[in-house]
Amino acid sequence: MNIDLDILSPVHQINDKVFDEQGLKVFIKRDDLIHSIISGNKWRKLKYLLKAAQTANKNHLVTFGGAYSNHLLATAAAAAKFGFKTTGFVRGEDVENDTLFLCRLHGMNLLFVDREGYRDKQALFNKYFMDDADAFFIDEGGASAEGAKGCSELVDELTETYDHIFCACGTGTTAAGIINGLIAHQLPTQFNAVPVLKNGGFLKDEIDKFLIAPAPYQLHTDYHFGGYAKVNDELIAFVKTFVAKTGIVIEPVYTGKMLYAIYDLASQSYFKPGSRILAIHSGGIWGLLGMKAKF
């Protein structure tokens, strides 16, 4: 089976008074439109991992995530579409929620693991699947060189040049891939990663290990709102306002924090007047399922 999706990821302009006042042109690449579930960087990171599994004649994908993991759901959906079976190790206590329901609906077997045991994912894989010749390890979030390769293809699709590209950053794979794409195309664009977890400076090491060559980029580490999947009233209000004004659905775990950073930096005159800025919508809107009570 050919493992591929028809990419529909247009670029739309975002109009706002704060951008007009600063003389900025801000755009968003709609990777959320790639697929209803296997969307955004989730597909880009999985694409070459699935191809690698297929080449190795492995038909059982084994991966990892939290109880509301977009990666688990995307992997389950991709496996169903392309003929794999799946197992997902879920961090934490045995729970039921909408995301896990959708994972099971797509055929994923779920194994719940305490947080201490979850830390060593390779050991978990070895414990349960060492003797399964069909099993293929996929790290949490699809973090891998293959994932970075898939994300680099985003740059191939760009028809305009931008002064800045922004994306949310959780594992560093997407960031590394986009930077690699900028290097390959010899573009002068400044890449900006917005870590969505506290003390995100460590992500520099994670990004650097997947780069094809050294390259400058900027980490904006002040927009985590307390940590991974942490939010406050200000962030929730921003997400609600953005969706109501643009019709573009975002969530507060990844894309919401990244877009908040762009608006905040613009209000501080961070960008040179006339700058063209591209935000990457990395999909994951199913993350809203775990945030309903916050709205």
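Student: What makes Phe238 count as buried?

Tutor: Phe238 has a relative accessible area of 13%. Buried means under 20% relative accessible area, exposed means over 50%, and partly exposed lies in between, with a 1.4 Å probe and protein chains only. Phe238 is therefore buried. Please note that this is a predicted model, in which local features need pLDDT of at least 70 and side-chain atom pairs count only at pLDDT 80 or more, while totals for chains, interfaces and linings use all residues. Residues are numbered from 1 along each chain as its sequence is written, and side-chain values use heavy atoms, with hydrogens and water left out.

Student: Why is the pair of Phe238 and Tyr263 called edge-to-face?

Tutor: Rings of Phe, Tyr and Trp (its six-membered ring) pair if their centres lie within 6.5 Å; planes under 30 degrees apart count as stacked, over 60 as edge-to-face and the rest as tilted. The ring centres of Phe238 and Tyr263 are 5.2 Å apart and their planes stand at 75°, so the pair is edge-to-face. The pair links distant parts of the chain, 25 residues apart: Phe238 lies in helix 10 (residues 233-246) and Tyr263 in helix 11 (residues 255-267). Helices (H or I, at least four residues) and strands (E, at least two) are DSSP runs, numbered from the N terminus. Tyr263 is also buried, at 15% relative accessibility. Both rings belong to a cluster linked by ring pairs, which includes Phe19, Tyr223 and Phe225.

Student: How do you know that the charged end of Lys149 sits over the ring of Tyr48?

Tutor: A charge sits over a ring if NZ of Lys or CZ of Arg is within 6 Å of the ring centre and within 35 degrees of the ring normal. The charged end of Lys149 is 4.2 Å from the centre of the Tyr48 ring. Lys42 sits over the ring of Tyr254 in this sense as well, 5.5 Å from its centre.

Student: What makes strand 3 and strand 6 a pair?

Tutor: Two strands pair if DSSP finds at least two bridges between them. Strand 3 (residues 60-65) and strand 6 have three bridges, in the parallel sense, so they pair. Leu61 has Phe136 in strand 6 as its bridge partner.

Student: Why is strand 5 called an edge strand?

Tutor: Four strands form an open sheet in the order 5-4-3-6, with parallel pairing. Strand 5 (108-113) and strand 6 are the edge strands, since each pairs on one side only.

Student: How do you know that Arg30 and Asp32 form a salt bridge?

Tutor: A salt bridge is a side-chain nitrogen of Lys or Arg within 4 Å of a carboxyl oxygen of Asp or Glu. For Arg30 and Asp32 the N to O distance is 2.9 Å, so the pair qualifies. Arg30 is buried at 9% relative accessibility, and Asp32 is buried at 11%. The structure holds 16 salt bridges.

Student: Are Lys17 and Glu21, which also meet in a salt bridge, buried or exposed?

Tutor: Their salt bridge spans 3.9 Å, N to O. Lys17 has 60% relative accessibility and counts as exposed, and Glu21, at 55%, counts as exposed too. Being four residues apart in helix 1 (residues 17-22), Lys17 and Glu21 are separated by about one helical turn.
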